[in-house]
Amino acid sequence: MERLTGLDASFLYLETGTQHLHVCALLVLDPGADGGDYSFDAFKAELGRRLAYVPQMRRKLRAVPLELDYPYWVEAGDYDLDYHVRRYGLPAPGGRAELAALVGDIASTPMDRNHPLWQVRVVEGVDGDKVAVILKYHHAAVDGVTGSELLMALCDTEPGQHPDREPPAALGREPEPSDLRLLAEAALRFPTRAGMLRMVPKTVGKLTGMVRRRQRNRSGMALPLTAPRTPFNRTITPHRVVAFTEVELAEVKRIKNAFGVKINDVVLTVVGGALRDYLIERGELPEDKSLLATIPVSVHESSRHTRGINKVSSLFCQLGTDIADPVERLKRVAEANRAAKEEHEELIGPDFLQDWTQYAPPNTFRIAMRLYSSLELAERHPVVHNLVVSNVAGPPLPLYFLGVRLLSSYPFGPIFHGSGLNITALSYDGKLDFGLIACRELVPDLAELTDRIPGVLDALRAAAEQTA
């Protein structure tokens, strides 16, 4: 039994009927690679065996009576594998468009909290002989780092399934706690809620530090609530649309080395260029302001907090969408990213978000978000940020998911009211796989935005070759 941290629980409380806070991944597999073989029954049985290695897939939520405290993770016991793992066939021609439509439909459905918060959808008939796997986890159960670790627990560096592999020692199942015990523990922790009062002067001090930094003409991160409004900065519906593409990681590194920047700078610049072209074509590009992205940052290695799954902070960074020249855009983004990281390390620190959420009363987020959603307040105040952009470093070598060769891995994060677009890039085996997800009503032609990513990268590569 393990109590959720305030940050983990916040992903439950911030969820509404239209704002789903699960994350998805699309894995494309090649059953015929390396002389392999595939059957759905064997694939499913292998997953069932692997659950012994992945404790977070065997847990479910246990609520505290009257929601006086954050929920707990408890062992699910006899869970139904048939509920979690289901089989699909892709309609002809079984290409990228049909697969994206299916992923969008699955991403549009909220998760049932009476079960462990994960799902696996196996899709056969992809591009004729390929198999796709759509993974779905609630954000309360995984973040970028723990999600990658979970995926690695289901992968090998060699082909084939291994039913005779020795499983880890069986864990004894702890009896599910009684309501009385949960209420007693909630009462013991109730006085700690007063810790929120200590966060107020800390927050004021950080804001004061940011003001003084700018008075000394030192650059810092872009400020929230200063983003221009775009068509995808509105209240979202429950419907999702996804698209995906990939580029060669070697090309990204070539650009990085030519201009002396980071891989993340190149990713943000490419995203900014694709958004600029996409919005120009529709006559919707803000001319005098750059779009503003929230950049999630893992703090697993630097946080003082030892408990919890989600250990993340955020940066705000301009994407240079107001700059036509790709090289100038890259330089601007790299400088903005550097300043944002410096200010974050100097003033905000890795634990600010976790410190705030650990003191918040359990129902605060839920009540506030339901009001925010129902009143459509996202359209009544300045735009906090335009979208979320993530860049995650994945394994550099080929993997085998449940024994089957993994060709590509496209990630899809959550979207939020007021920010109906999320772009995530994941490096894997010499490629950079981009997954885009949006509210269907706000970005119905998401594939057109996605298709611009390789071309924008080509323009940067051409510029890099001229500098050589």
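You are looking at a predicted model, where local features need pLDDT of at least 70, side-chain atom pairs count only at pLDDT 80 or more, and totals for chains, interfaces and linings use all residues. Residues are numbered from 1 along each chain as its sequence is written, and side-chain values use heavy atoms, with hydrogens and water left out.

**Stop 1: the salt bridges**

Side chains of opposite charge can pair when their charged atoms come close. Here a salt bridge is a side-chain nitrogen of Lys or Arg within 4 Å of a carboxyl oxygen of Asp or Glu. A search of the whole structure turns up 30 of them.

Select Glu-124 and Arg-87 to begin. Their closest N and O atoms are 3.0 Å apart. This pair links distant parts of the chain, with Glu-124 in strand E6 (residues 118–126) and Arg-87 in strand E5 (residues 85–89), 37 residues apart. Helices (H or I, at least four residues) and strands (E, at least two) are DSSP runs, numbered from the N terminus. Arg-87 is partly exposed, at a relative accessible area of 48%; buried means under 20%, exposed over 50%, and partly exposed in between (1.4 Å probe, protein chains only).

**Stop 2: across 166 residues**

Now pick Glu-448 and Arg-282, whose side chains meet in a salt bridge of 2.4 Å, N to O. Glu-448 belongs to helix H13 (residues 446–450), while Arg-282 sits in the loop between helix H9 (263–281) and strand E10 (292–298). Both are partly exposed: Glu-448 has a relative accessible area of 38%, and Arg-282 has 23%.

**Stop 3: a network**

Next, select Glu-251, Arg-254, Asp-458, Arg-461 and Glu-465, which a network of salt bridges links. Zoom in on Arg-461 and Glu-465, with closest N and O atoms 3.1 Å apart. What separates these two along helix H14? About one helical turn, because they are four residues apart in that helix (residues 453–467). Arg-461 is partly exposed at 24%, and Glu-465 is partly exposed at 46%.

**Stop 4: the nonpolar patch**

Finish with Leu-66, Leu-68 and Leu-183, which make a nonpolar surface patch of about 290 Å². Patches are made of residues with over 30% relative accessible area and no salt bridge; like charges are joined within 9 Å, nonpolar side chains (Val, Leu, Ile, Met, Phe, Trp, Tyr) within 5 Å. Accessible areas come from the Shrake-Rupley method with a 1.4 Å probe, and for residues only the protein chains shown count as cover. Leu-183 lies in helix H6 (residues 179–189).
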